[in-house]
Amino acid sequence: MSSAGHVNWVLGVDSGGSGLRVALGSAGGGSGNADGTGRVAALATVTSAEPVRTGPSGIDPADLLGRLLPAVESLLATVGAHRGGGTARPAAVAIGAAGMASLGDALRAELPAALHGALGVRKVALAADAVTAYAGALGQRPGAVVAAGTGLIALGTGLTDWRRADGWGHLLGDCGGGAWIGRAGLEAALRAHDGRSGGSPALLSRMEDAFGPADGMPGLLYPRTDRPALLASFAPEVARCAADDPVARNIMSAAARHVAEAAEAVCPASGSPEVALTGGLLKLGDPFLDPLRAELARRLPHAAPVPAAADPLAGALLVAGALATDSLRLPRDPHLLNIPTERDG
């Protein structure tokens, strides 16, 4: 816990496909803010656009550590290593990483000892990015968060354990996410090109404007290593067509239904949970959000839809702050929120 004149420096880390972000904050004592979120303001942030490498054994701890340590030095220098009479040794670090649940074995095995040796940090949390997204959106309150961008994953908790739905990738799931919407829109466009039922001439026109002739779509799409992103790039076109095109409108309604199903699968069945949506699908606007609100009201009448309070980096800072002040209420989990045994200082 904090003592007089001592600053509990905490670090939040967000590692994903768009790069690495590291934020430094200071956590006070007690159980956090009155709203139950215990949020920690970022005093300084360092961003790298290059994602952390993934190798045969999963997320590469050496690559993560090699970029994290210089970032921490820079952050401490930015705020002053002894600001407010504090110490430069972080009290806690929370790392939220895409793929942590399935590709995080090396991180869990190596990172806590490495961080203790390099920074003297005693408390470490290794979390799936869905957990830090949850913490950013809802704090430490019961509910469900659906992270819906190119892909889609839902995570919920009643603060005793975690429940997850989807997040299985664009070939096996991610139903209702950006890649799913884009693929459905392109299929409807190609149906119109072929003269099959269920096609949309409006989407065919949008597809050809965006990508060229229909006959070239397989050659454009299939060799790409970024197929989900390419598919998702067409989702805004589907949303734009939805006002006047029934096929596009049905696609948006089906996407909303899938998102609501994922939220329903993970949301606590009793009490007064909250439900939040994060990610790029929010940018699709009313063609997506209107049917989503209706589906959530029908499936989860006991839950309150709320806007996400903050992003996953803020969620990582929240987890680090709660860890530093012994006020972490989110459930521990070997793969989703791993808290190794605290090390001696």
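## Sheet and helix packing in a predicted model

Strand β11 (residues 274-278) pairs with β12 in the parallel sense, over two bridges. The structure described here is a predicted model. Within this pairing, Val275 stands opposite Pro305 in β12. Both strands belong to an open sheet of five strands, ordered β10-β9-β8-β11-β12 and mixed in its pairing. The edges of the sheet are formed by β10 (162-166) and β12 (304-305), each of which pairs on one side only. Helix α10 (residues 246-266) packs on the sheet, where it touches β8 (143-148), β9 (152-157), β10 and β11, and its direction makes about 25 degrees with that of β9.

Helix α11 (residues 286-299) has 14 residues and spans 19 Å from its first C-alpha to its last, close to the 20 Å expected at 1.5 Å a residue. Its buried residues are Phe288, Leu289, Pro291, Leu292, Glu295, Leu296 and Arg299, and what covers them includes α10 and β11.

A further contact joins α5 and α6. Helix α5 (residues 178-194) packs against helix α6 (residues 201-211) at an angle of about 105 degrees, with the axes 8 Å apart. Because angles of 65 to 115 degrees count as roughly perpendicular, α5 is roughly perpendicular to α6. By class, this contact of α5 with α6 has 10 nonpolar, two polar and no charged residues, and the residues that meet are listed by helix below.

| Helix | Residues in the contact |
|---|---|
| α5 (residues 178-194) | Gly185, Leu186, Ala188, Ala189, Leu190, Ala192 and His193 |
| α6 (residues 201-211) | Pro201, Leu203, Leu204, Met207 and Phe211 |

Key
Residues are numbered from 1 along each chain as its sequence is written. This is a predicted model: local features need pLDDT of at least 70, side-chain atom pairs count only at pLDDT 80 or more; totals for chains, interfaces and linings use all residues. Side-chain values use heavy atoms; hydrogens and water are left out. Axes are lines fitted to C-alpha atoms, for helices over the stretch in contact, and angles run from 0 to 180 degrees between N-to-C directions. Helices (H or I, at least four residues) and strands (E, at least two) are DSSP runs, numbered from the N terminus. Angles under 35 degrees count as roughly parallel, over 145 as roughly antiparallel, 65 to 115 as roughly perpendicular and the rest as oblique. Contact means heavy atoms within 4.5 Å. Ala, Val, Leu, Ile, Met, Phe, Trp, Tyr, Cys and Pro count as nonpolar, Asp, Glu, Lys and Arg as charged, and the others, Gly among them, as polar. Two strands pair if DSSP finds at least two bridges between them. The expected span of a helix is 1.5 Å times one less than its number of residues. Buried means under 20% relative accessible area, exposed over 50%, partly exposed in between (1.4 Å probe, protein chains only).
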